[in-house]
Amino acid sequence: MWKFANPVRHQIPETRWPTEAEAGRSLLFQPVSVGPLMLSSRTWVPAMVPWRATEDGFVTPANLDWYRRFAKGRPGALVVEATGVRDIPSGPLLRIGHDRFIPGLRQLVDAVRESSNGETKLLIQIIDFLAMRRRPEREKYFERFLQVTNYHRTRLSELTNDSRWNEAAETEIRGFLQDGSDELVGQVLNERELESLHFGYRERVTDTELSHIRELPQVLPGIFADAAMRAREAGFDGVELHYAHAYTMASFLSARNTRTDGYGGTRENRVRLPIEVYRAVRERVGNDYTVGVRFLADEVIAGGSRIDDATYFGVAFARAGMDFLSISKGGKFEDAQQPRVAQAVYPYTGQSGYECMPTTLSDEIGPFSRTVPLVAQIKRGVNNAGFSTPIVATGGISTFSQAEGILQRGDADIVGFARQALADPDWFLKVKVGRGNEVRRCTYTNYCEALDQAHKQVTCKLWDRIELDEPGMAVAEDGRRRLIPPEWKR
Ligand SMILES: Cc1cc2nc3c(=O)[nH]c(=O)nc-3n(C[C@H](O)[C@H](O)[C@H](O)COP(=O)(O)O)c2cc1C
Ligand code: SF4
């Protein structure tokens, strides 16, 4: 895990919870409209992948239990995990790339409706990602994956002062490199090849020499539009376009997107495809359906987009007609740590990953409400441009006073609680009825995130070993962890 050079350990802030009457008068528990939807409160559970879908991307009973449990706490909105828009294998992540996924997703919608008595509105985050492979064994890389070209032959000839390499058999070159020192390999392979060797092969939106990457702007609007329509058919109250973190659409927005086909370079060009995708979605689902976006306030990588880019994008999204803007930060591949052999690179292991899910081992600012100043800046930009699109702030928010302060100051319109909702999905209900002192407080040490990184079923350390003998309770594949939090015994 990435750490600050001189980390400061922060404590979970002491807090005073409101009485029921105070909560009733608060902004946090007032309704808010999000496009055509009315949320009963300004609370929001952002997308969190729990690793519970089938290998083919279908909804499982464990998914139903998971979302049912969140809905029981009655947040204003609950966003279903990043769900793939394409009909391609992607491991146990939910998918919405074909009509065969609709019945399972409909069950999920029904489970949430029933569990919250219709109060919690359910959105689904829809995502596209590019191909990536696990870090290969060195032997395999040189035997199979490296494409030997004249470039390698020339480099070898130069470095060894031996022109024989220009004619050498491919197997000889492979063998020589495989046995060669890191220094030699570093001088023969190009930057991308070295990355494939050390991190695993990963496509980028700038790989326009590949036809399927070149054609993304032609293909993606239709794919997203179809997925959004399926979400509507399954009964979701809205869709969130995933334009954040390490994935395709975020990469189009990135300042590191240097495409020269009108979809990279300037901000206007980088936002073009994201807007075209939105328009295609809007056209398909109609104006009476909630469509919003999650994007980054700052990519937190060298050469990446910063807050000025984010404010520009926020205004562009609001102008295009998006119904909400949910703001995240970081979570990129570019600064991720090297994975172990046979593991995939995980975009939350560098500084940008820290900023996405900040922990209590922090700098002097600490993890709490860390992204709010940037969210407030985006909100000012959007409002000054004449739009009142609701804006969701997330990141290290766990107390009522933090959340209410954000709303009272006008820094955001809705407050997102991801890990705090995982620690205690009843936060919303407990605080609303004046029993905030019963909230199980998230400690922000990222045990849950480590499970996500290992592609294990996500649980929380505060409850996954409690009452393990409860009758009928589902446990994780390792047999040692319960999959959903215990009930709130009121
Ligand atoms: C286990 C886990 C899975 C996550 N999956 C997603 C996801 O699918 N999509 C997304 O936009 N963010 C995802 N996030 C990020 C959260 O939505 C949120 O932005 C982040 O945890 C910071 O908010 P918090 O401090 O309230 O937890 C995930 C976070 C965790 C802990
Ligand atoms: S595992 Fe840790 S960081 Fe994750 S929700 Fe639980 S207490 Fe919070």
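This is a predicted model: local features need pLDDT of at least 70, side-chain atom pairs count only at pLDDT 80 or more; totals for chains, interfaces and linings use all residues.
Residues are numbered from 1 along each chain as its sequence is written, chains are lettered from A and ligands numbered from 1 in the order in which they are written, and side-chain values use heavy atoms, with hydrogens and water left out.

Helices (H or I, at least four residues) and strands (E, at least two) are DSSP runs, numbered from the N terminus. A cavity is a set of points where a 1.4 Å probe fits but cannot get out. A pocket is an open set with protein on both sides within 12 Å along at least five of seven lines. Lining residues have an atom within 4 Å of a point. Grid points are joined across faces, edges and corners, and a volume is the space filled by probe spheres set on the points.

The search of the whole structure finds five cavities of 30 Å³ or more. The largest cavity holds about 110 Å³ of space. It is lined by 14 residues, with C442, T443, N446, C448 and C460 closest to its centre. Helix α18 provides the largest share of this lining, three residues. The lining comprises eight nonpolar, four polar and two charged residues. Here Ala, Val, Leu, Ile, Met, Phe, Trp, Tyr, Cys and Pro count as nonpolar, Asp, Glu, Lys and Arg as charged, and the others, Gly among them, as polar.

Ligand 2 takes up the space of the largest cavity. A molecule sits in a cavity or pocket if more than half of its atoms lie within 2 Å of its grid points. The shell around ligand 2 has 13 residues, the closest being R419, C442, N446, C448 and C460. A residue is near a molecule if one of its heavy atoms lies within 4 Å of it. Both α18 (419–423) and α20 (447–453) supply at least two residues of this shell. Helix α18 gives the most, with three. By class, the shell has eight nonpolar, three polar and two charged residues.

A side-chain N or O atom of R419 lies 2.7 Å from an oxygen atom of ligand 1. A backbone N or O atom of A418 is 2.9 Å from an oxygen atom of the ligand. A polar side-chain atom of Q125 lies 2.8 Å from a nitrogen atom of ligand 1.

The second largest cavity has a volume of about 70 Å³. Its lining includes Y243, A250, L253, F295 and F313. Two or more of the lining residues come from each of α11 and β8 (290–296).

The second largest pocket has a volume of about 480 Å³. Among its 17 lining residues, F145, Q147, E193, S196 and Y201 lie nearest its centre. Helix α8 (191–199) gives the largest share, three residues.

Terms used. On a 1 Å grid over the protein atoms alone, a cavity is a set of points where a 1.4 Å probe fits but cannot get out, and a pocket is an open set with protein on both sides within 12 Å along at least five of seven lines; lining residues have an atom within 4 Å of a point. A polar contact is a pair of N or O atoms within 3.5 Å; within protein, one must be able to donate a hydrogen and the other to accept it, and residues adjacent in sequence count only if both atoms are side-chain atoms.
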